[in-house]
Amino acid sequence: MKAIWNGKVIAESNETIKVENNHYFPESSVNKQYLANSQTHTVCPWKGDASYFNIKIDGEVNKDAAWYYPDPKPAAKDLKNYIAFWKGVEITE
């Protein structure tokens, strides 16, 4: 699977985890040069507190387009060290 935005591959892995129709990529498969920490945080009742990254490529910013669970609840423990994408990030095989 690949995560692509603004013509750049942000992540690529054969080891994604699909949850609620989102592909979560192993942190090690993500090109972190394109990510910048965001101050945004949300709460999922069963996964826990989510943190976000802005994606920055060629001077353009896709705010809060990647998220992860730094300390997921037990039901979502497999998502630890995985990152998912949305907001126009294309996920392809």
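Guide: D64 counts as buried, at 8% relative accessibility; buried means under 20% relative accessible area, exposed over 50% and partly exposed in between, using a 1.4 Å probe and protein chains only. A bit of housekeeping: this is a predicted model, where local features need pLDDT of at least 70, side-chain atom pairs count only at pLDDT 80 or more, and totals for chains, interfaces and linings use all residues. Residues are numbered from 1 along each chain as its sequence is written, and side-chain values use heavy atoms, with hydrogens and water left out.

Back to D64: you'll find this residue in strand 7, residues 60–68. N81, though, is found in the loop between strand 7 and strand 8 (82–85), and at 46% relative accessibility it counts as partly exposed.

Now step across to S38, which has D64 among its contacts, along with Y52, F53, N54 and K63, leaving out residues up to four places away in sequence; a contact here means heavy atoms within 4.5 Å. S38 belongs to strand 5, residues 35–44, and is buried, with a relative accessible area of 9%. Between S38 and N54 there are 5.9 Å from C-alpha to C-alpha, although they sit 16 residues apart in sequence. The S38 side chain also reaches the backbone nitrogen of T40 at 3.0 Å.

F53 and Y68 are stacked, because their ring centres are 4.9 Å apart and their planes meet at 20°. The rule pairs rings of Phe, Tyr and Trp (the six-membered ring for Trp) with centres within 6.5 Å; planes under 30 degrees apart are stacked, over 60 edge-to-face, and the rest tilted. F53 is in strand 6 and Y68 in strand 7, so this pair ties together parts 15 residues apart in sequence. F53 is buried at 13% relative accessible area, while Y68 is partly exposed at 21%.

W67 and W86 make an edge-to-face pair, 5.7 Å centre to centre with 75° between the planes. Since W67 lies in strand 7 and W86 in the loop between strand 8 and strand 9, they tie together parts 19 residues apart in sequence. W67 is buried at 8%, and W86 partly exposed at 40%. Ring pairs also bring in Y24, linking it with W67 and W86 into a cluster.

Finally, the packing. A nonpolar core is a set of buried Ala, Val, Leu, Ile, Met, Phe, Trp, Tyr and Cys residues joined through side-chain atoms within 4.5 Å. The largest one has 17 residues, with I10, V30, L35, I55, F85 and V89 touching the most other members. Strand 7 is one of the elements that give it two or more residues, and strand 6 gives the largest share, 3 residues. Apart from that core lies another, of 11 residues, including W67 and Y52.

Technical notes
Helices (H or I, at least four residues) and strands (E, at least two) are DSSP runs, numbered from the N terminus. A polar contact is a pair of N or O atoms within 3.5 Å; within protein, one must be able to donate a hydrogen and the other to accept it, and residues adjacent in sequence count only if both atoms are side-chain atoms.
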